[in-house]
Amino acid sequence: QVQLVESGGGLVQPGGSLTLSCAASGTVEYYAIGWFRQAPRKDREGVSCITADGTPHYSNAVKGRFTISRDDTSNTWYLQMNNLQPDDTAIYYCATDTTYCSLKFWLVDHWGKGSPVTVSS
């Protein structure tokens, strides 16, 4: 049974930074781990994913600003978010994506409960 727990969200001013963490338990070493977000009144969207062999993927909305990484020794994944903007306000979820990093929420098997990020002055 895979369990995912996010942490690190909060309130930040435009242009600021946050790092989200995703602690995983269970058999996760063969999964790609993705970060998804859902803003109010919008569909859930994939923003970043890292494959089991460490290849990162990013949506166009966050490319150049967000960095995904992983620590295999602690089964923890991270999303470093820089130059945050109000449009980045959402609940951020980590999830087990397809092995090739689809970034499509309907293909996800396991979800965390989410961590809210608010970007506001």
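A: **A hairpin, its sheet and its disulfides**

Let's start with two partners: β4 and strand β5 (residues 45-50) pair in the antiparallel sense, joined by five bridges. A strand here is a DSSP run of E with at least two residues, while a helix is a run of H or I with at least four, and both are numbered from the N terminus. Two strands count as paired if DSSP finds at least two bridges between them.

Before going on, please note that this is a predicted model, in which local features need pLDDT of at least 70 and side-chain atom pairs count only at pLDDT 80 or more, while totals for chains, interfaces and linings use all residues. Residues are numbered from 1 along each chain as its sequence is written, and side-chain values use heavy atoms, leaving out hydrogens and water.

Back to our pair. β4 and β5 form a hairpin with six residues between them. In that turn, Arg41 has a positive phi of about 65°.

Now look at β4 by itself. Strand β4 covers residues 32-38, and six of its seven residues are buried. Buried means under 20% relative accessible area, exposed means over 50%, and partly exposed lies in between (1.4 Å probe, protein chains only).

β4 has another partner too: seven bridges join β4 to β9, and these strands run antiparallel. Here Ala32 stands opposite Asp97 in β9. Strand β9 (residues 90-97) in turn pairs with strand β10 (residues 115-119), again in the antiparallel sense, over three bridges. In β10, Ser115 is the bridge partner of Tyr92.

Let's step back to the sheet. It is an open sheet of six strands in the order β2-β10-β9-β4-β5-β6, with mixed pairing. β2 (10-12) and β6 (56-58) are at the edges and have a single partner strand each, so one side of each has no neighbour in the sheet. From one strand to the next, the twist averages 25°. Such angles are taken between N-to-C directions, from 0 to 180 degrees, using axes fitted as lines to C-alpha atoms (for helices, over the stretch in contact).

The structure holds two disulfides. Cys49 and Cys101 form one of them, with sulfur atoms 2.1 Å apart. Cys49 lies in strand β5 and Cys101 in the loop between β9 and β10, so this pair ties together parts that are 52 residues apart in sequence. The torsion about their S-S bond is -75°, and the link is left-handed. Cys49 counts as buried because its relative accessibility is 0%. Cys101 counts as buried too, with 7% relative accessibility. Cys101 has a phi near 65°, a positive value in a residue other than glycine.

Cys22 and Cys94 form a disulfide as well, with sulfur atoms 2.1 Å apart. Cys22 lies in strand β3 (residues 18-25) and Cys94 in strand β9, so this pair ties together parts that are 72 residues apart in sequence. The torsion about the S-S bond of Cys22 and Cys94 is about 65°, so that disulfide is right-handed. Both Cys22 and Cys94 are buried. With the bonded cysteines of the protein chain numbered in sequence order, the pairing is 1-3, 2-4.

Note on methods. A disulfide is a pair of cysteine sulfur atoms within 2.5 Å.
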